[in-house]
Amino acid sequence: MSTPTSSSVPAATSEPVVAPAFLSSAWRIYDLSLGQMLWSRRTVFMVLVVGGPVVVALILRLLVTMDLVSGRGMVDDRPIIVDGPIIFGLMIWGFYLRLSVPLLGVFYGTALMADEVEDKTITYLFTRPVSRGAVLFGKYLAYLASTGLVVLPSVMLVFFLVVPLLGGDIGSNFPSLVTDLALLAVGLAVYGALFALIGAWFKRPLLIGLVFIFGWEPIMVVVPGYMKRVTVSYYLQGLVPHATPQEGLVSTILSILQANEVLPSAAVSVIGLGFILVIGLGLATWLVERREYVLEQ
Amino acid sequence: MSVPVVAAEGVSKWYGQVIGLNDITVDVQPGVTGLLGPNGAGKSTFLKLITGQLKPSQGTVRVLGEPIWGNPALYHRLGFCPDQDSFYERMTGQQWVTALVRLNGLSETDAVEAARRALDTVGLLDAADKKIGAYSKGMRQRVKLAQAVVHDPDVLVLDEPLAGMDPIARRKVIRLIKGWGREGKSVLVSSHILHEIESMTSTILLINNGRILAEGNIHQIRDLIDEHPHTVRIQADDPRRLAHAFIEHDGVRSLTFEKGAVVVETGKPDAFYGRLTQIAASGELGEVHEVSSPDDNLQAVFEYLVK
Amino acid sequence: MTPIHDQSYRRYAGVRQEPGAAWLVIAATGIRTVLTKKFFWLVLLAAWGQFFVRAVMFYLSANFSNLDLLAPSVETFRQFFEIQEIFVLFVTVYVGSGLIANDRRSNALQIYLSKPLTRAEYVAGKLGTLLFFLLLVTLAPALMLLFLEMMFSASLAFVGANLFLLPAITLYALVEVLLSGFTMLALSSLSTSARYTAMLYAGVVLFTAAVFGIVNGITNSSSLAWLSFRANLDQIGDVIFRLQPRFESPWLLSVVVVALLIGLSVFVLERRVRGVEVVT
C-alpha cells in the first residue's frame with residue numbers, strides 16, 4: 001500500500017460538472033452489463049430455452065430418416081401437409097414466438113433493475129454520473145444484444161436442420177428466414193420493453209409477466225373485439241407469414257365465439273409494436289428516475 | 001464559516017410507519033467528519049439521503065450547494081463507499097474499478113490508468129488481476145474504497161469503511177482518510193466503532209433514533225455535557241494531600257483513591273485544571289506525575305448522550 | 001425464597017415436542033409468511049374464480065329445469081382441474097420458487113440444519129408449505145363444488161351415481177400437487193435466486209408442452225405425450241376420472257414418468273439440502 005506521504009488519490013481527468021449525455025452513458029452501461037448478462041448462470045437458462053428447439057430439430061431429422069413422419073399433420077384440428085418449411089414455421093411460432101421470446105422478455109426484462117437490486121450492486125451504478133434512465137436503457141440494450149446473440153443462431157440452426165426435410169428447399173425459403181429473424185428481434189425488443197415497464201412498476205413483476213404471457217395474451221387474442229389490441233402477440237401475428245395454431249382448451253372454447261379473425265396489416269403491426277416499445281421503455285425510464293430502491297438489509 | 005459540504009434542512013425520512021430520520025437539520029463542514037451512532041440509529045439512511053439514493057420524505061438535502069436527488073452530474077464530485085459486500089464477483093478488481101470509472105466519462109485508456117492508481121493507493125495493485133470473488137474481506141473493503149476515490153472526488157462518503165479489516169490494514173486506511181482530509185477533500189465516515197472515529201477525526205456527528213444528538217468537536221461537546229461531571233485522574237507523590245486541597249474547590253463532586261493516584265469528579269473542569277496547574281507548578285503538595293481524563297473522549301460522549 | 005430474583009439466563013423447563021414434529025413448525029411459518037402478502041390474496045381470489053362460476057351454474061341447473069345443460073357431470077370436475085392448471089402454475093411459482101433458494105441465498109440453510117431437525121423434516125416442512133396452497137386451489141374448491149352440488153340439488157343422486165368421484169378428485173389433486181411440489185422444491189434447491197427458479201420451472205412446464213405440441217402437429221400422433229409435463233398429468237387425470245385417455249401414449253408410461261420425476265426431485269433434494277457444501 002502507498003505510504004502516507006504518497007497517499008494522494010490518482011490525478012484523474014478533471015471532469016466538468018455537467019449533466020451526463022444520455023446515450024453515451026447508456027452505451028457505457030451497456031458495455032458493463034453485456035458481459036454480466038452473457039457470462040452469468042442465467043445464460044444456462046437462455047441456452048436451455050433456445051437449445052431445446054435445436055434438439056427437437058435433430059430428433060425430427062432422425063424421425064424423418066426413420067420414416068416415422070408421414071408429412072401429414074394436424075393444426076387446430078385442420079389436416080395440413082407437413083414439409084420442412086411448415087415444420088419450421090410451426091417451430092418459429094410454437095417455440096420461439098409463443099415461448100422463448102416472451103420467456104426471455106419476462107426473465108430479463110423484469111430483471112433489468114431487479115437483478116442489480118437483489119445483488120445490491122445498484123448502488124455503484126446510481127452513484128455514478130449517469131442518469132438512472134440511462135442505466136435502464138443501457139441494460140435494455142445489453143439484454144437485446146445478449147438474447148439476440150443466443151436466439152438468432154439457434155433459429156438459423158433449426159432452419160438448416162428442418163427446412164430441407166420432406167422435400168423443403170433452403171434457397172427458396174431463405175427470405176422467410178430473414179423475415180423470421182427480424183420478427184424475433186422485434187419480438188425480443190417489444191417484449192423486453194413491455195416487461196422492463198412491468199419490472200419498474202410492480203413489486204412482483206415476474207408473476208405478472210407470466211400471467212400476461214400465459215393468461216392474458218392467449219385469451220385476449222381470440223376474444224372478439226378490440227381487446228386483442230392490448231397484446232403484443234396480436235401485432236406479431238400480423239407479421240408472421242406462417243400458420244398460427246391456437247392452443248389449449250380455453251382458446252378452443254373461445255374460438256367458437258370468434259367470427260372472422262382479421263389479422264392486422266404489416267403496417268398496423270409495425271406501428272402497434274413500435275408504440276408498445278416506445279411507451280414501454282419511455283414509461284419504464286420515467287419510473288426508474290423517480291423510484292427509490294431500498295436494499296434488503 | 002465555509003460553505004457546508006452537506007446541508008440537510010428539516011429532513012425526515014420514513015418507511016411506511018417507521019421513521020428513519022426525524023427532522024434533521026445539520027451542516028457538514030469541509031474536512032473529516034465522523035458519523036457516529038449505534039446500530040439502527042439512522043446513519044445509513046442519512047448517508048443514502050446525502051448520496052442521492054433516497055429522497056427525503058420531508059426537507060431538503062444539498063451537497064456542495066446543489067440538490068443531490070436526481071442530479072447525476074454531482075457524482076463527478078462525490079465518491080461513495082457503501083457498506084454492503086456486493087460486487088460483480090466474476091470481474092477482477094482492475095476490470096471492476098475501470099468499468100465504474102468509465103461511467104464518469106473517461107476513455108478506456110484513461111480509465112485503466114486511473115483504476116490502477118486507485119488500486120495502488122489502497123494497496124491492491126498486486127491483486128488487481130484477481131477475481132473479486134477470490135478476494136479476502138479486507139481486500140473487498142479496499143476495492144470498494146478504490147472505486148470511491150478513483151475519479152478524484154471532492155467529497156467522500158464512506159459507510160463503515162474499516163469493517164472486516166485486520167489491524168494493520170485498518171491503520172493504513174485510517175492514515176489514508178486523514179491524508180485525504182489534509183489534501184482538502186471532505187470525508188464523511190460512518191462507524192459505530194468509537195476508537196476508529198477518534199483516531200481519524202475530532203469532529204463528529206452523533207445520531208441516535210433518527211435524530212442528531214450532537215455535532216462538532218468531541219471535546220467541546222464533552223464540555224457541554226453538564227450533567228456528567230468530568231473525571232480527572234491525577235497520579236502524584238501524595239494523593240491524599242492533593243485531595244485535601246481539592247476538596248475545598250466548589251466544583252469537586254467526588255474523590256476516590258487508587259494506588260498512587262486520586263480520581264476527581266468535577267463539574268467545573270476549566271477552573272479545576274487551573275487550580276491543578278497552580279498546585280503542580282508550585283510543587284507545594286509533592287510532585288504530580290500524570291494527569292489524564294478517562295472520560296474526555298468519544299466513548300464518554302457517546303455513552304452520556306445515547307444512554 | 002430470596003428477595004432478589006435471578007435475572008440471568010434460564011433453561012427452558014417446559015414441555016418439548018417429540019422429535020419429528022419440527023417440519024410442522026417450518027410449514028406453519030412458511031404458510032403464515034405467504035398469507036401476510038396481500039398480492040397473494042389476489043392470486044387466491046382469482047384461483048377460486050372458477051369455483052364461484054361453477055357454483056352458480058350448479059345452482060341454476062338445480063333450480064331451473066330448462067338450464068339442465070349446466071348440470072354437473074364427471075367431465076365437469078375433470079375440466080375444473082384442467083382450467084385450474086394455470087393457477088397451479090402461478091401458485092407453485094409464487095409460493096415455491098423461493099422456499100429453499102432464499103434459505104440458500106441468506107445462508108439460513110446452515111442455521112436450520114444446526115438445529116435438532118433432520119434434512120427430511122426440513123424438506124417436509126417446505127413441501128408442506130407449498131402443498132397447503134396447492135391443495136387450497138385444487139382439492140379444496142373441487143370438494144366444495146361436490147358438496148355444493150349435493151346441497152343445491154338436495155339429493156345424493158349425483159354423488160351416489162359417481163361414488164368414485166370423491167377418491168378420484170383426491171387422488172388426482174394429490175398426484176398433481178406432489179409432482180408440482182417436488183419438482184419446484186428440487187429446482188429451488190439448485191439455485192440461490194427465487195426468480196431464476198421460477199423461470200426454470202415455468203420453462204420446464206411450458207417448454208415440454210411446446211415440444212409435444214409441435215411434434216403432435218407434425219407427426220399427427222400423440223404417442224409422445226409422455227414428453228410433456230402437463231400432458232402426463234392430463235393422461236393420468238383422464239384415467240383417474242374414468243374417461244377415455246386423450247392421448248395415444250400409454251397411461252402407465254405417464255405414471256412411470258411422473259414417478260421418475262418425483263424420484264429425481266427427491267434425489268436432487270437429498271444432494272442439495274446439506275448444511276455444508278460437499279466437495280468431491
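This is a predicted model: local features need pLDDT of at least 70, side-chain atom pairs count only at pLDDT 80 or more; totals for chains, interfaces and linings use all residues.
The contact between them draws on 44 residues of chain B and 34 residues of chain A. On the chain B side, the elements that contribute two or more residues are helices H2 (93-102), H3 (108-121), H4 (137-149) and H5 (167-183). By class, this side of chain B is made up of 20 nonpolar, 13 polar and 11 charged residues.

Chain C, in turn, is built from 13 helices and zero strands. Its C-alpha trace spans about 85 × 55 × 30 Å along the principal axes. Of its 280 residues, 40% count as buried. Among contacts in chain C between residues at least 6 apart in sequence, 75% link residues at least 24 apart.

Two packed helices are described by the angle between their axes and the distance between the axes. For helix H10 (residues 165-189) and helix H13 (residues 251-272) of chain C, the axes come within 8 Å and cross at roughly 35°, and the crossing is left-handed. Residues in this contact include Leu178(C), Phe182(C) and Ala186(C) from H10(C), with Leu261(C), Ser265(C) and Arg272(C) among those from H13(C). Sorted by class, the contact of H10(C) with H13(C) has 12 nonpolar, three polar and one charged residues.

Definitions and conventions:
Residues are numbered from 1 along each chain as its sequence is written. Chains are lettered from A and ligands numbered from 1 in the order in which they are written. Two residues are in contact if their C-beta atoms, placed from the backbone, lie within 7 Å. Helices (H or I, at least four residues) and strands (E, at least two) are DSSP runs, numbered from the N terminus. Ala, Val, Leu, Ile, Met, Phe, Trp, Tyr, Cys and Pro count as nonpolar, Asp, Glu, Lys and Arg as charged, and the others, Gly among them, as polar. Axes are lines fitted to C-alpha atoms, for helices over the stretch in contact, and angles run from 0 to 180 degrees between N-to-C directions. A crossing is left-handed if the near helix is turned anticlockwise from the far one by less than a right angle, and right-handed if clockwise. A residue is buried if 20 or more other C-beta atoms lie within 10 Å of its own, exposed if 12 or fewer, and partly exposed in between; C-beta atoms are placed from the backbone.
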